[in-house]
Every structure is written in structure tokens, then in C-alpha cells.
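Here are my notes on the model you sent over. Have it open while you read, and go through the points in order.

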Amino acid sequence: MAFRPGRSPKSDGHVLPTSYHPKQPQSPFSYGLTRRVLRLLVALATVLALTAFFVLSHQPPPPPDLSIPEDLFPPLYEDFRQRERNLSHYSAYEKNSSIKYFWAAQHAHSSGWGNVMQDYLMMALLAHATGRSFVFDDYIWNPDGSIYSDFDGKLVPSRIPLSALLGGPIVGGPWLPGDNTPRSVNKHFFERVCPNPTVVHVSDINTNDMRFSEAVPVTDVFNTWVDTINAIDDPCVMLGPNGNQVFDNWVFGKKHRMLPFWPTISRSPVLTSWDWSTLVHAAYKRNRHIFERFPHSSSRLVTLLDNLGLSGSDAPNSPINGLMAIHVRRGDFEAHCRHLAEWDADWHAWNSFPEFIDKLEKPINASPDQILNTYIQHCYPDIPQIVERVRRVREESRAKHNLTYLYIMTNAPASWVEELKSALVEDAEKRRQKWKSVKSSQDLELTWEESFVSQAIDMFIAQRAEVIIGNGWSSLTSNAVLLRMVHGFPTDSMRFW
């Protein structure tokens, strides 16, 4: 007889007391689920451990020097200047006599960056349209040969290398594949390879109608110059240094003359490949926590995010979601606004696209005081007007734009800016629409070199903000609007005082 546990081999009775435990049904998920949870927890712990090790073992890059030099002399940007004079394509171009060049020696200077940028842009467009290398020069505040100049009681560099403000093809970077236009060169290289260029004087080409007539669109002026340059066989063409600009500054305020030019330039690689300098990009990256949700640049998390490719894009055509940027001019602009009223001036052309929501509506049959008040409200608004306008634009934009960060581009005194920031914060909180951040140009952490190109930094931010409120008569605003239009930003994202 087979032996059975709990029974005697000689008896059918139990020899030891036994207890009965009915078997509990096992969940079909419990064991497998437990193993999966354990595996997940182990994997998560491993990732956290590796992340902690990475963060702790990889020190963030040393912080930039944000101190002001004891001697207070402005920077001279020698590194940028040397790079401009030794670009990689110079050696090949020196050996290639077929390369053609265009040098506008009478380019704009002694003006704000916005006005100078307009002129450089138009000359670069002309060079590209004629298949010539664009010859670039410094951003020049004072052309008298001095190193430093006085501006409003402060020392500023008399000249700044253009590559300290701009990047990309306009300062010698490569064009996109398939574009055989010669790369840009610095004027010192041009003078070396073109000691005896053909000189064209602007006054010999530009008639009074081309300069002043409302009936002559800029497209016609541009095409006249393309034909003029294309008729010259000499590879070295230079515009005489003592003439006017090809496109006078005031033409940028003539929408009926400028806007027909838009279809031509909107497709030009000069604009579609437009970029900013390494200084501008570095300043943005260091301060991006001001414009969007992101760790401060001193955090080790930034190093981790950068190395993992999770920092996001800082390309000029990538919007900064959630950011409203407002351009508030102060200082000498008040007197300028009064002059604009006397001149019955329109907004800059690029601020006047017919698709825009806001348009300058001039009073009809109004007194001089009424006209002036209209211009001041649009050109030089006070704090209550700014607060009201920001509130209204934010509310009108709510259906498409979730605006939670506010950045003020301004040259106003610090005390006035703080008063404005407080008023904006208070108004938003009162309506339970609190901003996550309200900052201004004065809150940026900038190196000594970056501080003298801050207009370009603000323009880069305005170009990428989800929504902007700009000054219709400002070249800074109009340049940012132009670049936004090139990259297809919604027309309802460009608003004005």
C-alpha cells in the first residue's frame, strides 16, 4: 500500500491531528504586477541615481564675468574684429579673380542700431540680388577715427564689429546649399583684393523722384540699382563714401512705397537666413528664465538639459511661448514724438501691414493739441496707458495665446521702470490674471561686451516673443516685426500702442 502523508501504513486512521486550510484563489495580476512594479522601481531608482551622479559630477560652466571693469572703458571687441579679418573663405577668394564684390562705403552710421540695421539689410539684399559678395563694416557711432565716444554723458565704443551684433551669412557665414552667391567679406579684405574698385556715386543714379516721390515704389529704386550694378564688368564695385544712402532713412516710413517691396525681400535668403551674434545668443541663454519657465543659468540642471538636448531651440524663427514683449521708448523719444506730430508722420512701413489689427488713425479736423495728444498716446504712453493697453491686448489674445511672462524693452530710468512693473503686477493680480514674471531690459544679466549690444538682444527677444506690443515709429520695433513676418508669425501677434 502506498504511503500517504498523515496516515499509518497499517491503519486507515489519522495518527496525527491535521488542520485544513482551504486554498485562496490567486489574483491573475498580483504576482506579475508586483514583479513589473519592482522592475519599474529599480529602473527609476537607477535613472535617478545616474541623473544625480551626472548632475553632481558635471559642474556647470564657470559663470561669465558680469563685473564692470574698474577703468570703466567700453570693450573694443578685438576677438570679433580678428575673426572678421581672418574668415575661412578668404584664402580661396584671394586666389579666385571671378568673385565679385559690392561695398557701400557710405553706409549709415552715427544713428541707433535700428536705423543702421535697416541700411545694412538693404545693401545686403542688393549685393545678393546682383550675385556679389556683400562687404560689411563696423556698426559705427562716430566715424572720426576715435576709439570711444560720449553718448548722453557715457562712454561708448565708437565702433563695434558687425559680428558682435549679427551672425549668419551677412557677416561671412555660409549661404544655404544651392545658393552660389559669394560669401560676405569684411571691408579690410575688400580693400586688400580690390585696391582700385569702380566707384559709383549715389547722386549719379538716384533722381529726386527716386528719393522723394510717393509715386515711385522702392521696388523701382531697387531694380534700377540692380540693373546699374549688373552692367558693371569690374568685379570690384564701391559706392562713393561721401554720398547719401541709396535708400534714405525716411523712406522706411513710407508704407505706400515700401510695402510693394515685401514680396521680393520676404523670400530673400538674406532675411530667411538672418541670425544674431554669439553674444546675443549667449545673453539670451543666460537669461531665458526671465522669458519662460527654465532654471537659472547657474543651476546644474541647465548643464544636464543642454547635454540631453532638452533645452529647447533658440533659433530666430522659434517662438518663445507664453511671452509678451513690450517696447517702451523713453528719454529723448518724447521730443521725437512731438516732431512726428508736427510732420504728420505715419508708422514705419513694416509696422503698417494691412493685415495687422492695430492701425494709426489720425484725427481729422483736429486742433494741434488734439493731434499731439493722439501722437503721444501712441508714441510715448504714460504708465496708466501702458497698463491699460497691456491688459486689453492680453485679454484680446487669450483665445490663441496663453501669455504668462512679460518683458519690457526700455531705455527708461530704473525708478520709472520699477514703478511701471509694480503697476503691471498690481493690475494683473487685481483681475486674478497674475503674471509668472514681469521683468525689463534692466533685469538682464549681461557681460560687459553684451551690455553695449543690448539693442540687438532686445530685438532678438522681440522677434521671438509670442506676442509683442511695439512702437509704430520705432525702427527697433519695425525690424523685429519684419523678421517675424519673414518667419510666418501670426499677424495678430504684432500689436502697437
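What is the torsion about the S-S bond of cysteine 337 and cysteine 379, and is the disulfide left-handed or right-handed?

1. The torsion there is about -70°, so this disulfide is left-handed. The sulfur atoms of cysteine 337 and cysteine 379 sit 1.9 Å apart (a disulfide is a pair of cysteine sulfur atoms within 2.5 Å). Cysteine 337 belongs to helix H14 (residues 333-343) and cysteine 379 to helix H15 (residues 368-379), so the bond ties together parts 42 residues apart in sequence. Both cysteines are buried (under 20% relative accessible area; exposed is over 50% and partly exposed in between, with a 1.4 Å probe and protein chains only).

2. Before going further, a word on the source: this is a predicted model, where local features need pLDDT of at least 70 and side-chain atom pairs count only at pLDDT 80 or more, while totals for chains, interfaces and linings use all residues. Residues are numbered from 1 along each chain as its sequence is written, and side-chain values use heavy atoms, leaving out hydrogens and water.

3. The count comes to two disulfides, and the other bond joins cysteine 194 to cysteine 236, with S to S at 2.0 Å. Its torsion is about -65°, so this disulfide is left-handed. Cysteine 194 is in the loop between helix H5 (187-193) and strand E9 (198-200), and cysteine 236 is in strand E10 (residues 236-239). Cysteine 194 is buried at 3% relative accessibility, and cysteine 236 is buried at 10%. Counting bonded cysteines along the chain, the pattern reads 1-2, 3-4.

4. Strand E10 also takes part in an open, parallel sheet of five strands, ordered E8-E2-E1-E10-E9 (helices, H or I, of at least four residues and strands, E, of at least two are DSSP runs numbered from the N terminus; strands pair if DSSP finds at least two bridges between them). E8 (185-186) and E9 are the edge strands. Four bridges join E1 (residues 101-104) to E10, and phenylalanine 102 has valine 237 in E10 as its bridge partner.

5. Helix H4 lies across E1, E2 (133-136) and E10, at about 155° to E2 (axes are lines fitted to C-alpha atoms, for helices over the stretch in contact, and angles run from 0 to 180 degrees between N-to-C directions).

6. The axes of H4 (residues 113-129) and H19 (residues 454-464) come within 10 Å and cross at roughly 70°. That makes H4 roughly perpendicular to H19 (65 to 115 degrees). Trp113, Gly114 and Met117 in H4 meet Gln455, Ala456 and Met459 in H19 (contact means heavy atoms within 4.5 Å).

Technical notes: Parallel < 35°, antiparallel > 145°, perpendicular 65-115°, else oblique.
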